[in-house]
Amino acid sequence: MTRDGSKLFVADRLENTIRVMNVADGRVSTFAGSGEEGSEDGVGTAASFNYPTGMVMSPDGSKLFVADCSFNKIRVVNVADARVSTFAGSGEEGSEDGVGTAASFHDPRGLAMSPDGSKLFVADCNGDKIRVVTVADARVSTF
């Protein structure tokens, strides 16, 4: 949900999209994702996901972090312009600690953020681990 409560974001995992609902009138539209399986970075529907599951918004409401489960990545969506980019994860199955795309996950699903927005916690489902990502530099470590 946006900070002002006007929009609700939903990971539509079977359609490989991030949907947005206007709370005032209930209108739902595709915010990001082409609907095709993929891991392309881009703006809005030019980007692609593969089974997006967990999501969490940054405390300031500017970024939406998405667990892109089947491609083993954490993606970040800029709320202002729907720009999607890979934040962490190489795309390969694994549990390597590292920075950004040098790290690896194995089916990341649940996400939570520290109240100050400095740390992103990842439930790495098939890796059987809780991972922590430092938001400032995308450094991934096993919690």
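Colleague: Why is Cys125 called partly exposed?
Modeller: Cys125 has a relative accessible area of 36%. Buried means under 20%, exposed over 50%, and partly exposed in between (1.4 Å probe, protein chains only), so Cys125 is partly exposed. This is a predicted model, in which local features need pLDDT of at least 70, side-chain atom pairs count only at pLDDT 80 or more, and totals for chains, interfaces and linings use all residues. Residues are numbered from 1 along each chain as its sequence is written, and side-chain values use heavy atoms, with hydrogens and water left out.

Colleague: What makes Cys69 buried?
Modeller: The relative accessible area of Cys69 is 1%, which is under 20%, so Cys69 counts as buried.

Colleague: How many disulfides does the structure hold?
Modeller: The structure holds 0 disulfides. Cys69 is in none, and the nearest cysteine sulfur, that of Cys125, is 6.9 Å away. A disulfide requires two cysteine sulfur atoms within 2.5 Å, so the sulfur of Cys125, at 6.9 Å from that of Cys69, is too far for a bond.

Colleague: Why is strand β7 described as largely enclosed by the rest of the structure?
Modeller: Strand β7 (residues 73–78) has 5 of its 6 residues buried, so the description applies. A strand is a DSSP run of E, at least two residues, numbered from the N terminus.

Colleague: How do you know that β7 pairs with β6 and with β8?
Modeller: Pairing requires at least two bridges found by DSSP. Strands β6 (residues 63–68) and β7 have 6, in the antiparallel sense, with Lys63 opposite Asn78. Strands β7 and β8 (residues 83–88) have 5, also antiparallel, and Ile74 has Ala88 as its bridge partner. Both counts meet the requirement, so both pairs qualify.

Notes. Helices (H or I, at least four residues) and strands (E, at least two) are DSSP runs, numbered from the N terminus.
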